[in-house]
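Here's a quick briefing to keep beside the viewer.

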Amino acid sequence: MAGDPADWNDGGKAERFKALALPHLDAVYTLARYLMRGSAEADDAVQECYLRAFRHFDTFRGGPIKPWLLAILRNVCHGVYASGGRLIYGDSGEAAAPIWREAAETPEQTMLRSQSGDKLRRLLGDLPSEFREVIVLREINELSYRDIATVIEAPIGTVMSRLARAREMLRKAWLAEEGT
Amino acid sequence: MNCDDADVLMHALVDGELDAGHAREVEAHIAGCARCTVKLRDMRDFRAAMVPGALRFKAPAGLRARIEGKLPAAPAAVASRRAVVKGFALGATVSALAASGVLVMVMRTDDERRVLGEMVSAHLRSLQAQHLTDVQSSDQHTVKPWFNGRLDVAPPVIDLTAQGFTLLGGRLDYADAKPVAAIVYRRRVHVINLFCAPAPAAPRRQAKMQSLHGFNVRSWTENGLNLWAISDISPDELTEFGEKFEAALRQ
């Protein structure tokens, strides 16, 4: 095997994959946390996403790898939902609360929650998943509309209208709390 | 343009996702509509309160290690572990690895130089044959779609006119036995060819400045593309071009 460039390339595949894909781990993990019910489930989904991505690395056609990874993650999350139903995905107002919503709050937690980050995280978690994911992809992971369209497998027009509605819903939820 | 359209399009406007024509239309509507002016302001205020950093999660350190553990290890690591197990084979393995390492290095360097030569030849051809562009336009929105269907990758066509490099157009070229995209710029009277070839699995590579047959070449790898900027302008100016291009690409 030594000296055969084909073998060398194959052996280097994992290294190339790591160099390309691992820098996006936080972005992939962030989407997983917003799509899955708990942090353990998010861990599992991210791990499965990377292994699946590596298996299909030969089919990666170039361009930015982040949307490609996020699309795989989203499919993994869908798959989990289809098989085990552990995913928040597709629900809107189920009884079980997402993990970033504390069930019973201590005064300190209430104080923390009043900080905008925590509050937004919670309000975002309450959005129906198709709106939640476009906010995560655009505002947090900073993808272009085109890349979002790739991830959610929808036309750009859908991305645009969904994002507009999602921001409006989030803003209204925010204002409703300010008022109380 | 009515308010319903503006409700959606103002988001794309804020995100910088509209082309100049649509952006003007939306802005014109908003300027003349009190309702939409308020909506746009509210939305901007709200987005300013939304700090992406506070909404991001950081992957636990153990997760990265777990993923790396499940991916195949680098060939050297695998070989050395095997070698430790079969202690007697250690010497042979090490020398085999060393030999292959040298060979790989020699091949890569040779390969790089050959490709570099091909790119410079393509640059020369484009100047001599009076065939600089297949599609002649200073509008990136005209040049970029032209490549659709001609290459299996969408090359980044970025207008750098404002930064001092005028976009002249695009051309389909052939180098290293593969079709490549050539995006053509002008700096004063000098032509810059920016060649793009898909390299899907190649890791990001820092720019390298080389000189061949009197031309300067800045080559780098980014977003799964191998890029070569070739011109007779000075290395400093070519670096400036490359950096401006990379900065625009990341926006």
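In which loop of chain B is B:Asn223 found? B:Asn223 is found between β6 (215–222) and β7 (225–231) of chain B; helices (H or I, at least four residues) and strands (E, at least two) here are DSSP runs, numbered from the N terminus.

Keep in mind that this is a predicted model: local features need pLDDT of at least 70, side-chain atom pairs count only at pLDDT 80 or more, and totals for chains, interfaces and linings use all residues. Residues are numbered from 1 along each chain as its sequence is written, while chains are lettered from A and ligands numbered from 1 in the order in which they are written.

- Most residues other than glycine have a negative phi.
- B:Asn223 isn't a glycine, yet its phi is positive, at about 50°.
- B:Asn223 is buried, with 20 other C-beta atoms within 10 Å (buried means 20 or more such atoms within 10 Å of the residue's own C-beta, exposed 12 or fewer, partly exposed in between, with C-beta atoms placed from the backbone).
- B:Arg188, in the loop between β3 (178–187) and β4 (190–198) of chain B, also isn't a glycine and has a positive phi, near 50°.
- B:Arg188 is exposed, with 9 other C-beta atoms within 10 Å.

**Helix α3 of chain A**
- α3(A) covers residues 39–55, and its 17 residues should span 24 Å at 1.5 Å a residue, which agrees with end C-alpha atoms 24 Å apart (the expected span is 1.5 Å times one less than the number of residues).
- Buried residues of α3(A) include A:Glu41, A:Asp43, A:Cys49 and A:Tyr50.

**α2 against α7 in chain A**
- The axes of α2 (residues 25–35) and α7 (residues 129–140) of chain A come within 10 Å and cross at roughly 155° (axes are lines fitted to C-alpha atoms, for helices over the stretch in contact, with angles from 0 to 180 degrees between N-to-C directions).
- A:Thr30, A:Leu31, A:Tyr34 and A:Leu35 of α2(A) meet residues of α7(A), among them A:Arg132 and A:Val136 (contact means C-beta atoms, placed from the backbone, within 7 Å).

**Where the chains meet**
- The contact takes 46 residues from chain B and 45 residues from chain A.
- On the side of chain B that touches chain A, α7(B) gives the most, with seven residues.

Conventions
Contact = placed C-beta atoms within 7 Å.
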